[in-house]
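The entries follow the order in which I looked things up.

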Amino acid sequence: MRIGILGGTFNPVHLAHLRSAEEVREAQQLDRVLFIPSANPPHKSRSDLASAAHRIAMVRRAIAGNPAFRVSSIETERRGRSYSVDTLRLLSRQTRRAEFTFILGLDAFHDIGTWKEYRELFGLCDVVVTSRPPHANPPLNTLLPVAAQKDFCYLRNINELEHKTGHRIVFQEISGLEISATSLREHLARGQSIKYLVPASVERYIAAHRLYSRRTKST
Ligand code: ATP
């Protein structure tokens with residue numbers, strides 16, 4: 001079974017997350033995409049972070065109706081910080097016959113050199129880096145941290161790299177949807193609509209629980 005992993009804060013989940021997962025699933029012939037909300041994101045501020053239970057509930061509502069999509073609480077159940085390399089190791093132990101593909105946007109890949117044991121991560125799974133407006137699309141090889149470059153060779157071109165373990169990193173251009181959870185939280189804090197930027201079920205959930213309104217603390 002080929003399983004894609006889309007990690008993120010999902011604070012909240014939005015249509016660009018869903019579209020990215022769907023386009024990568026189709027292009028990379030994945031059987032499943034697992035959305036993994038992060039419990040305690042090492043790279044992000046916690047001040048307007050909705051609880052893990054809310055973020056999981058929103059993802060659950062967002063993916064309802066897509067039989068290939070699943071949500072996992074693997075990171076929110078684990079104590080301490082969430083590191084992708086630990087998640088990958090745990091998933092590999094739990095699902096031995098699966099092949100994993102880690103999906104992340106260009107913005108996230110820019111910071112990969114700061115991730116815990118990122119060179120080991122490249123040896124555990126394939127990686128798909130997706131375009132993300134307004135970021136330009138530089139050649140993938142130029143984004144690879146210098147320390148990791150010796151672990152790779154070109155597969156077919158500068159946007160398809162092969163790791164010494166045989167795993168690949170590929171760049172995939174996806175539909176450009178300039179949506180971010182940050183801008184959604186800003187809309188909500190100003191009392192503005194987020195209609196057509198998130199699934200209607202997520203919009204209803206946020207309204208029902210008064211998330212991100214600044215007047216009410218979301219717990
Ligand atoms: P925030 O604005 O709070 O930083 P975000 O919108 O970037 O959040 P995350 O939950 O951090 O959302 O993103 C999870 C993953 O989805 C990351 O790999 C990110 O690059 C990717 N992603 C998020 N938004 C988009 C988008 N509009 N287009 C393509 N990829 C996206």
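I began with a helix pair: the axes of α2 and α10 come within 8 Å of each other and cross at roughly 150°, where axes are lines fitted to C-alpha atoms, for helices over the stretch in contact, and angles run from 0 to 180 degrees between N-to-C directions. Angles over 145 degrees count as roughly antiparallel, and α2 and α10 are therefore roughly antiparallel to each other. I listed the contact residues (contact means heavy atoms within 4.5 Å): A53, H54, A57, M58, R61 and A62 on α2 meet S201, V202, Y205, I206 and H209 on α10.

Before going on, I noted that this is a predicted model, in which local features need pLDDT of at least 70 and side-chain atom pairs count only at pLDDT 80 or more, while totals for chains, interfaces and linings use all residues. Residues are numbered from 1 along each chain as its sequence is written, and side-chain values use heavy atoms, with hydrogens and water left out.

Next I looked up the sheet, with helices (H or I, at least four residues) and strands (E, at least two) taken as DSSP runs numbered from the N terminus. Eight strands form an open sheet of mixed pairing, in the order β3-β2-β1-β4-β5-β8-β7-β6; two strands pair if DSSP finds at least two bridges between them. β3 and β6 (152-154) stand at the edges with a single partner strand each, so one side of each has no neighbour in the sheet. Inside the sheet, β1 (residues 2-8) and β4 (residues 99-105) run parallel and are joined by five bridges, and R2 has E99 of β4 as its bridge partner. α4 (residues 84-94) lies across β1, β2 and β4, running at about 155° to β4.

Last, I asked which residues have the most contacts inside the largest nonpolar core. A nonpolar core is a set of buried Ala, Val, Leu, Ile, Met, Phe, Trp, Tyr and Cys residues joined through side-chain atoms within 4.5 Å, buried meaning under 20% relative accessible area with a 1.4 Å probe, protein chains only. The largest has 33 residues, and I found V33, F35, M58, F69 and I206 to be those with the most contacts inside it. α2 gives the most to this core, with six residues. Not counting residues up to four places away in sequence, M58 touches P12, V13, V202, Y205, I206, L211 and Y212. I also noted a second, separate core of 30 residues, which includes L106, Y118, C125 and L143.

Methods. Buried means under 20% relative accessible area, exposed over 50%, partly exposed in between (1.4 Å probe, protein chains only). Angles under 35 degrees count as roughly parallel, over 145 as roughly antiparallel, 65 to 115 as roughly perpendicular and the rest as oblique.
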